[in-house]
Amino acid sequence: MSETIFHKIMRREIPADVVYEDEHLIAFRDIAPQAPVHVLFVPKQDFATLNDVGEDSAIVVGRLATAAARYAKAQGLAEAGYRIVMNCNADAGQTVFQIHLHLLAGAPLGRFGTP
Ligand code: 5GP
């Protein structure tokens, strides 16, 4: 798998607004937010796309989702609601090929999924 900008952020080689980190994942604000709150949750284990995550690694994705939910609760966003999104490959518009989960919140979100 190739090196991505997110690996550089994890190594602190380029700056990011990091809001959470543990031994498994890092979370930082998206540089081009699509909602008032837009945080990316990125695992430290490498997977280019969700297609590369097998059953034996399902916990990696589970940790991203539960970390996002925990963050939303801690920020007082959970009651109003939020969206989590993982883009996979070209049709979904994936641009960074290290899996990541988007957390979008802070305002009513539009519908999604249509071209
Ligand atoms: P994707 O389109 O692959 O699902 O999402 C990649 C996300 O990474 C985009 O929302 C984009 O704005 C964000 N992004 C790309 N480069 C950087 C960067 O250097 N720093 C931060 N914080 N976010 C980035």
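This briefing describes the ligand site and several individual residues of one structure. The model is predicted, so local features need pLDDT of at least 70 and side-chain atom pairs count only at pLDDT 80 or more, while totals for chains, interfaces and linings use all residues. Residues are numbered from 1 along each chain as its sequence is written, and side-chain values use heavy atoms, with hydrogens and water left out.

**The ligand and its shell**

- The ligand is surrounded by 16 residues, where a residue is near a molecule if one of its heavy atoms lies within 4 Å of it. The closest are Arg 29, Asp 30, Asn 87, Thr 95 and His 102.
- The shell consists of eight nonpolar, six polar and two charged residues. In this grouping Ala, Val, Leu, Ile, Met, Phe, Trp, Tyr, Cys and Pro count as nonpolar, Asp, Glu, Lys and Arg as charged, and the others, Gly among them, as polar.
- The ligand takes up the space of the largest pocket. A pocket is found on a 1 Å grid over the protein atoms alone, as an open set of points where a 1.4 Å probe fits, with protein on both sides within 12 Å along at least five of seven lines. A molecule sits in a pocket if more than half of its atoms lie within 2 Å of its grid points.
- Two or more residues of the shell come from each of helix 1 (5-10) and strand 2 (25-29). Helix 1 gives the largest share, three residues. Helices (H or I, at least four residues) and strands (E, at least two) are DSSP runs, numbered from the N terminus.

- An N or O atom in the side chain of Asn 87 lies 2.9 Å from an oxygen atom of the ligand.
- A polar backbone atom of Gly 93 is 3.1 Å from an oxygen atom of the ligand.
- The side chain of His 100 has an N or O atom at 2.9 Å from a ligand oxygen atom.
- On its own the ligand has 520 Å² of accessible area, and the protein covers 84% of this. Accessible areas come from the Shrake-Rupley method with a 1.4 Å probe; for residues, only the protein chains shown count as cover.

- Gln 98 belongs to the loop between helix 3 (89-92) and strand 5 (101-105). Gln 98 is buried, at a relative accessible area of 0%; buried means under 20%, exposed over 50%, and partly exposed in between (1.4 Å probe, protein chains only).
- The backbone oxygen of Gln 45 is reached by the side chain of Gln 98 at 3.0 Å.

**Residues with a positive phi**

- Most residues other than glycine have a negative phi.
- Arg 12, in the loop between helix 1 and strand 1 (18-21), has a positive phi near 60°. Arg 12 is partly exposed, at 47% relative accessibility.
- Asn 89, a residue of helix 3, has a positive phi of about 65° and is not a glycine. Its relative accessibility of 31% makes Asn 89 partly exposed.

**Distances along the chain and in space**

- Val 37 is part of strand 3 (residues 37-43) and is buried, at 15% relative accessibility. Val 37 and Ser 57 are 20 residues apart in sequence, and their C-alpha atoms are 28 Å apart.
- Leu 103, in strand 5, is buried at 0% relative accessibility. Leu 103 and Ala 69 are 34 residues apart in sequence, with 8.6 Å between their C-alpha atoms.
- Leu 25, in strand 2, is buried with a relative accessible area of 2%. Leu 25 and Ala 78 are 53 residues apart along the chain, and 21 Å separates their C-alpha atoms.

Definitions and conventions: Polar contact = N/O pair within 3.5 Å; in protein donor to acceptor, adjacent residues only side chain to side chain. 1 Å grid on protein atoms, 1.4 Å probe; cavity = no way out; pocket = protein on both sides within 12 Å on 5 of 7 lines; lining within 4 Å.
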